[in-house]
Amino acid sequence: LLAWVEEAETVTEEAWVKLIPTLREEDSELWVTWNPEREDSATNKRFHTKLRAPDARTTIVEMNHSDIPWFPAILELQRLKDKAERPHSYGHIWEGEFLQTQEGAYYGPHLIDAKDDGRIGFVPEDPTLVVRLFADIGGTGAKADNFVFWAAQQAGLAMRFTNHYESQGQPLGAHLNWMRANKYTPDRTVIYLPHDGDQQDKVIDTSYRRAFEEAQYTVIVIPNQGKGAAMQRVDKARSLFNRFWFDETKCAAGLKALGWYHEKKDPKRGIGLGPNHDWSSHSADAFGSAAVAYEEPLVYEGEDYNDDRHSTRSRTTGY
(Lines give C-alpha, C1' and ligand atoms only; values in the text may rest on other atoms or scores of the structure.)
Protein backbone atom coordinates (compact mmCIF):
# COMPACT_ATOMS: atom_id res chain seq x y z
CA LEU A 1 0.00 0.00 0.00
CA LEU A 2 2.82 2.40 0.77
CA ALA A 3 6.53 2.55 -0.05
CA TRP A 4 8.54 5.42 1.39
CA VAL A 5 12.09 5.80 0.10
CA GLU A 6 14.16 8.20 2.20
CA GLU A 7 17.51 9.65 1.01
CA ALA A 8 16.55 8.49 -2.48
CA GLU A 9 19.20 10.39 -4.47
CA THR A 10 21.39 7.30 -4.92
CA VAL A 11 18.63 4.80 -5.75
CA THR A 12 19.46 3.20 -9.08
CA GLU A 13 17.18 2.87 -12.10
CA GLU A 14 17.30 -0.91 -11.65
CA ALA A 15 15.91 -0.53 -8.13
CA TRP A 16 13.06 1.74 -9.29
CA VAL A 17 12.17 -0.71 -12.04
CA LYS A 18 11.90 -3.50 -9.47
CA LEU A 19 10.10 -1.52 -6.76
CA ILE A 20 7.37 0.42 -8.55
CA PRO A 21 5.48 -2.61 -9.99
CA THR A 22 5.10 -4.00 -6.45
CA LEU A 23 2.65 -1.16 -5.60
CA ARG A 24 -0.37 -2.99 -6.96
CA GLU A 25 -3.35 -1.76 -4.94
CA GLU A 26 -5.66 0.88 -6.41
CA ASP A 27 -4.94 3.45 -3.69
CA SER A 28 -1.26 2.58 -3.09
CA GLU A 29 1.29 5.37 -2.86
CA LEU A 30 4.99 5.89 -3.43
CA TRP A 31 6.65 8.58 -1.28
CA VAL A 32 10.14 9.70 -2.21
CA THR A 33 12.24 12.18 -0.21
CA TRP A 34 15.74 13.24 -1.17
CA ASN A 35 18.25 16.04 -1.54
CA PRO A 36 18.88 16.62 -5.27
CA GLU A 37 22.51 16.24 -6.19
CA ARG A 38 23.19 15.13 -9.77
CA GLU A 39 20.84 15.86 -12.66
CA ASP A 40 21.65 12.52 -14.25
CA SER A 41 20.72 10.40 -11.21
CA ALA A 42 17.88 7.96 -11.79
CA THR A 43 15.80 9.55 -9.01
CA ASN A 44 16.03 13.07 -10.42
CA LYS A 45 15.25 11.89 -13.94
CA ARG A 46 12.11 10.15 -12.70
CA PHE A 47 10.81 12.62 -10.13
CA HIS A 48 12.44 16.07 -10.24
CA THR A 49 10.15 18.86 -11.44
CA LYS A 50 12.80 20.35 -13.73
CA LEU A 51 13.52 17.06 -15.49
CA ARG A 52 10.16 15.38 -15.95
CA ALA A 53 6.87 16.07 -17.69
CA PRO A 54 3.87 17.09 -15.54
CA ASP A 55 1.82 14.19 -14.20
CA ALA A 56 -1.67 14.66 -12.73
CA ARG A 57 -1.17 11.62 -10.48
CA THR A 58 2.01 12.99 -8.94
CA THR A 59 2.45 15.71 -6.34
CA ILE A 60 5.91 17.21 -5.98
CA VAL A 61 6.83 19.56 -3.14
CA GLU A 62 10.12 21.43 -2.82
CA MET A 63 10.99 22.30 0.78
CA ASN A 64 13.89 24.44 1.95
CA HIS A 65 14.91 26.29 5.12
CA SER A 66 12.61 29.20 4.24
CA ASP A 67 9.57 26.88 4.52
CA ILE A 68 10.27 25.92 8.14
CA PRO A 69 8.41 28.16 10.63
CA TRP A 70 10.49 26.87 13.56
CA PHE A 71 13.84 27.21 11.76
CA PRO A 72 16.27 27.65 14.68
CA ALA A 73 18.61 30.62 15.11
CA ILE A 74 21.67 28.37 15.32
CA LEU A 75 20.97 26.99 11.85
CA GLU A 76 20.42 30.49 10.49
CA LEU A 77 23.92 31.37 11.69
CA GLN A 78 25.29 28.27 9.97
CA ARG A 79 23.39 29.09 6.77
CA LEU A 80 24.87 32.59 6.62
CA LYS A 81 28.32 31.19 7.37
CA ASP A 82 28.05 28.71 4.49
CA LYS A 83 26.78 31.44 2.16
CA ALA A 84 29.84 33.57 2.91
CA GLU A 85 32.51 30.87 3.14
CA ARG A 86 31.24 28.10 0.84
CA PRO A 87 29.44 29.80 -2.05
CA HIS A 88 30.25 26.88 -4.37
CA SER A 89 28.01 24.53 -2.36
CA TYR A 90 25.56 26.92 -0.68
CA GLY A 91 22.82 26.55 -3.29
CA HIS A 92 22.94 22.78 -3.02
CA ILE A 93 23.03 22.62 0.78
CA TRP A 94 20.44 25.28 1.57
CA GLU A 95 18.36 25.99 -1.55
CA GLY A 96 17.73 22.56 -3.05
CA GLU A 97 19.85 23.16 -6.14
CA PHE A 98 21.78 20.47 -7.95
CA LEU A 99 25.38 20.17 -6.85
CA GLN A 100 27.26 22.33 -9.34
CA THR A 101 30.78 22.13 -7.98
CA GLN A 102 32.69 19.46 -6.11
CA GLU A 103 34.30 20.43 -2.78
CA GLY A 104 37.78 21.62 -3.67
CA ALA A 105 36.95 21.96 -7.38
CA TYR A 106 39.72 23.82 -9.17
CA TYR A 107 37.36 26.18 -10.98
CA GLY A 108 34.49 26.39 -8.45
CA PRO A 109 35.10 29.94 -7.17
CA HIS A 110 35.94 31.16 -10.67
CA LEU A 111 32.65 29.86 -12.07
CA ILE A 112 30.75 31.62 -9.29
CA ASP A 113 32.53 34.87 -10.09
CA ALA A 114 31.82 34.43 -13.80
CA LYS A 115 28.13 33.92 -13.07
CA ASP A 116 28.00 36.94 -10.76
CA ASP A 117 29.83 39.07 -13.35
CA GLY A 118 27.42 38.11 -16.13
CA ARG A 119 30.05 36.16 -18.08
CA ILE A 120 27.84 33.06 -18.20
CA GLY A 121 24.75 33.64 -20.32
CA PHE A 122 23.98 34.08 -24.00
CA VAL A 123 27.26 34.32 -25.93
CA PRO A 124 26.64 34.37 -29.70
CA GLU A 125 29.28 33.51 -32.26
CA ASP A 126 30.77 36.36 -34.26
CA PRO A 127 30.79 35.45 -37.98
CA THR A 128 33.84 37.68 -38.52
CA LEU A 129 36.01 35.78 -36.04
CA VAL A 130 37.83 32.49 -36.47
CA VAL A 131 36.38 29.57 -34.50
CA ARG A 132 38.95 27.69 -32.48
CA LEU A 133 38.13 24.09 -31.56
CA PHE A 134 40.13 22.88 -28.56
CA ALA A 135 40.11 19.09 -28.34
CA ASP A 136 40.74 16.32 -25.90
CA ILE A 137 41.24 13.12 -27.86
CA GLY A 138 39.18 10.04 -27.12
CA GLY A 139 38.83 6.78 -28.99
CA THR A 140 36.32 4.30 -30.34
CA GLY A 141 34.82 1.49 -28.30
CA ALA A 142 32.73 1.10 -25.17
CA LYS A 143 35.61 1.79 -22.78
CA ALA A 144 37.33 4.56 -24.69
CA ASP A 145 37.88 8.01 -23.22
CA ASN A 146 35.50 10.75 -24.32
CA PHE A 147 36.31 13.05 -27.21
CA VAL A 148 35.73 16.74 -26.47
CA PHE A 149 35.63 20.01 -28.38
CA TRP A 150 35.30 23.48 -26.84
CA ALA A 151 34.46 26.06 -29.52
CA ALA A 152 35.88 29.49 -28.71
CA GLN A 153 36.57 32.85 -30.32
CA GLN A 154 39.07 35.38 -29.08
CA ALA A 155 38.24 39.06 -29.40
CA GLY A 156 40.85 41.27 -27.82
CA LEU A 157 41.38 40.14 -24.25
CA ALA A 158 38.15 38.11 -24.14
CA MET A 159 37.96 34.41 -24.95
CA ARG A 160 34.32 33.54 -25.67
CA PHE A 161 33.38 29.88 -25.34
CA THR A 162 30.35 29.49 -27.58
CA ASN A 163 29.85 25.73 -27.84
CA HIS A 164 30.82 22.38 -26.32
CA TYR A 165 30.79 18.86 -27.74
CA GLU A 166 31.46 15.55 -26.03
CA SER A 167 31.01 12.00 -27.27
CA GLN A 168 32.13 8.58 -26.17
CA GLY A 169 33.33 5.81 -28.44
CA GLN A 170 32.39 7.58 -31.68
CA PRO A 171 34.44 7.47 -34.90
CA LEU A 172 36.07 10.50 -36.45
CA GLY A 173 33.15 10.92 -38.83
CA ALA A 174 30.83 11.73 -35.93
CA HIS A 175 33.06 14.62 -34.85
CA LEU A 176 33.22 15.94 -38.40
CA ASN A 177 29.44 15.72 -38.71
CA TRP A 178 29.03 17.84 -35.56
CA MET A 179 31.46 20.40 -36.97
CA ARG A 180 29.59 20.57 -40.28
CA ALA A 181 26.22 20.82 -38.50
CA ASN A 182 27.52 23.87 -36.63
CA LYS A 183 29.06 25.37 -39.79
CA TYR A 184 32.61 25.04 -38.48
CA THR A 185 33.98 24.87 -41.99
CA PRO A 186 37.71 24.70 -42.85
CA ASP A 187 37.79 28.31 -44.06
CA ARG A 188 36.86 29.71 -40.61
CA THR A 189 38.03 27.04 -38.17
CA VAL A 190 41.33 26.09 -36.53
CA ILE A 191 41.59 22.82 -34.58
CA TYR A 192 43.89 22.63 -31.58
CA LEU A 193 44.91 19.10 -30.58
CA PRO A 194 46.83 17.95 -27.50
CA HIS A 195 50.36 16.63 -27.97
CA ASP A 196 49.13 13.09 -28.77
CA GLY A 197 47.30 14.44 -31.82
CA ASP A 198 50.31 13.32 -33.88
CA GLN A 199 50.17 9.74 -32.63
CA GLN A 200 48.86 6.97 -34.86
CA ASP A 201 45.39 5.78 -33.79
CA LYS A 202 44.86 2.01 -33.80
CA VAL A 203 41.30 2.22 -35.12
CA ILE A 204 41.41 4.96 -37.73
CA ASP A 205 44.99 3.95 -38.71
CA THR A 206 46.17 7.54 -38.88
CA SER A 207 46.82 10.41 -36.51
CA TYR A 208 44.02 12.82 -35.61
CA ARG A 209 46.13 15.63 -37.00
CA ARG A 210 46.48 13.95 -40.39
CA ALA A 211 42.81 12.99 -40.45
CA PHE A 212 41.61 16.54 -39.81
CA GLU A 213 44.13 17.97 -42.26
CA GLU A 214 42.85 15.56 -44.91
CA ALA A 215 39.43 17.11 -44.24
CA GLN A 216 41.08 20.45 -45.17
CA TYR A 217 41.22 21.88 -41.64
CA THR A 218 44.09 23.90 -40.21
CA VAL A 219 45.46 21.94 -37.25
CA ILE A 220 47.77 23.06 -34.46
CA VAL A 221 49.21 20.49 -32.06
CA ILE A 222 49.97 21.93 -28.62
CA PRO A 223 53.38 20.70 -27.46
CA ASN A 224 53.70 18.40 -24.48
CA GLN A 225 54.17 20.52 -21.37
CA GLY A 226 56.04 17.77 -19.59
CA LYS A 227 55.77 16.75 -15.94
CA GLY A 228 52.81 18.27 -14.15
CA ALA A 229 51.12 19.29 -17.41
CA ALA A 230 47.59 18.90 -16.00
CA MET A 231 48.23 21.33 -13.15
CA GLN A 232 50.01 23.71 -15.50
CA ARG A 233 46.80 23.86 -17.53
CA VAL A 234 44.74 24.44 -14.39
CA ASP A 235 46.99 27.25 -13.18
CA LYS A 236 46.98 28.92 -16.58
CA ALA A 237 43.19 28.70 -16.88
CA ARG A 238 42.64 30.11 -13.39
CA SER A 239 44.97 33.03 -14.13
CA LEU A 240 42.94 33.91 -17.24
CA PHE A 241 39.45 33.02 -16.03
CA ASN A 242 38.28 36.63 -15.66
CA ARG A 243 38.72 36.97 -19.44
CA PHE A 244 36.52 33.96 -20.25
CA TRP A 245 32.85 34.09 -21.28
CA PHE A 246 30.57 31.06 -21.66
CA ASP A 247 27.31 30.40 -23.47
CA GLU A 248 25.16 28.97 -20.70
CA THR A 249 23.06 26.72 -22.92
CA LYS A 250 25.50 25.34 -25.48
CA CYS A 251 28.30 24.96 -22.92
CA ALA A 252 26.10 23.56 -20.13
CA ALA A 253 27.72 20.11 -20.10
CA GLY A 254 31.20 21.58 -20.21
CA LEU A 255 30.45 23.98 -17.36
CA LYS A 256 29.25 21.07 -15.22
CA ALA A 257 32.52 19.29 -15.89
CA LEU A 258 34.55 22.36 -14.91
CA GLY A 259 32.52 22.68 -11.72
CA TRP A 260 33.31 19.07 -10.81
CA TYR A 261 36.98 18.84 -11.82
CA HIS A 262 38.92 18.47 -8.57
CA GLU A 263 42.02 17.16 -6.89
CA LYS A 264 42.43 13.49 -6.08
CA LYS A 265 43.14 12.94 -2.40
CA ASP A 266 45.03 10.21 -0.58
CA PRO A 267 42.42 9.27 2.08
CA LYS A 268 45.00 7.94 4.52
CA ARG A 269 47.57 10.70 4.33
CA GLY A 270 45.24 13.55 3.41
CA ILE A 271 47.52 14.85 0.67
CA GLY A 272 46.72 15.89 -2.86
CA LEU A 273 47.65 13.62 -5.75
CA GLY A 274 46.94 15.97 -8.62
CA PRO A 275 43.84 16.28 -10.83
CA ASN A 276 41.41 13.38 -10.52
CA HIS A 277 40.83 11.50 -13.78
CA ASP A 278 37.07 10.99 -13.97
CA TRP A 279 34.14 11.92 -16.22
CA SER A 280 34.93 15.63 -15.88
CA SER A 281 38.61 15.50 -16.79
CA HIS A 282 38.14 15.23 -20.57
CA SER A 283 36.33 18.56 -20.84
CA ALA A 284 38.65 20.09 -18.25
CA ASP A 285 41.74 19.03 -20.21
CA ALA A 286 40.42 20.51 -23.45
CA PHE A 287 39.52 23.69 -21.57
CA GLY A 288 43.03 23.82 -20.15
CA SER A 289 44.43 23.58 -23.67
CA ALA A 290 42.41 26.67 -24.60
CA ALA A 291 44.09 28.54 -21.76
CA VAL A 292 47.55 27.35 -22.84
CA ALA A 293 46.85 28.48 -26.43
CA TYR A 294 45.43 31.85 -25.34
CA GLU A 295 47.21 34.69 -27.14
CA GLU A 296 47.80 38.10 -25.65
CA PRO A 297 46.48 40.60 -28.21
CA LEU A 298 49.03 42.55 -30.18
CA VAL A 299 48.74 46.31 -29.82
CA TYR A 300 49.17 48.74 -32.70
CA GLU A 301 48.96 52.50 -32.15
CA GLY A 302 47.27 52.05 -28.79
CA GLU A 303 44.52 49.72 -30.04
CA ASP A 304 44.04 45.98 -29.75
CA TYR A 305 44.58 44.17 -33.04
CA ASN A 306 42.93 40.79 -33.37
CA ASP A 307 44.27 38.64 -36.21
CA ASP A 308 41.24 36.37 -35.83
CA ARG A 309 39.21 38.88 -37.85
CA HIS A 310 41.47 38.43 -40.84
CA SER A 311 43.01 34.97 -40.98
CA THR A 312 43.25 31.53 -39.46
CA ARG A 313 47.01 32.10 -39.21
CA SER A 314 48.20 32.06 -35.61
CA ARG A 315 50.53 34.81 -34.43
CA THR A 316 52.44 32.67 -31.96
CA THR A 317 52.75 29.36 -33.78
CA GLY A 318 53.87 30.53 -37.23
CA TYR A 319 50.68 29.53 -39.01
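**Sheet edge and helix packing**

Author: S3 pairs with strand S9 (residues 244-247) in the parallel sense over two bridges; strands are DSSP runs (E, at least two residues), helices are H or I runs of at least four, numbered from the N terminus, and two strands pair if DSSP finds at least two bridges between them. This is a predicted model, in which local features need pLDDT of at least 70, side-chain atom pairs count only at pLDDT 80 or more, and totals for chains, interfaces and linings use all residues. Residues are numbered from 1 along each chain as its sequence is written, and side-chain values use heavy atoms, with hydrogens and water left out.

Reader: Which residue stands opposite Gly-121 in S9?

Author: Asp-247 does.

Reader: What is the order of the strands in the open sheet?

Author: The seven strands run S3-S9-S6-S5-S4-S7-S8, with mixed pairing. Strand S3 (120-121) and strand S8 (218-221) are the edge strands, each pairing on one side only.

Reader: Turning to Ser-289, is this residue buried or exposed?

Author: Ser-289 counts as buried because its relative accessibility is 9%; buried means under 20% relative accessible area, exposed over 50%, and partly exposed in between (1.4 Å probe, protein chains only). Ser-289 belongs to helix H10 (residues 281-292).

Reader: Which residues does Ser-289 touch, not counting those up to four places away in sequence?

Author: Ser-289 touches Phe-134, Ala-135, Ile-222 and Arg-233, where contact means heavy atoms within 4.5 Å.

Reader: And which residues in H8 meet H10?

Author: Arg-233, Lys-236, Ala-237 and Leu-240 in H8 do, and Ser-289 is among the H10 residues that they meet.
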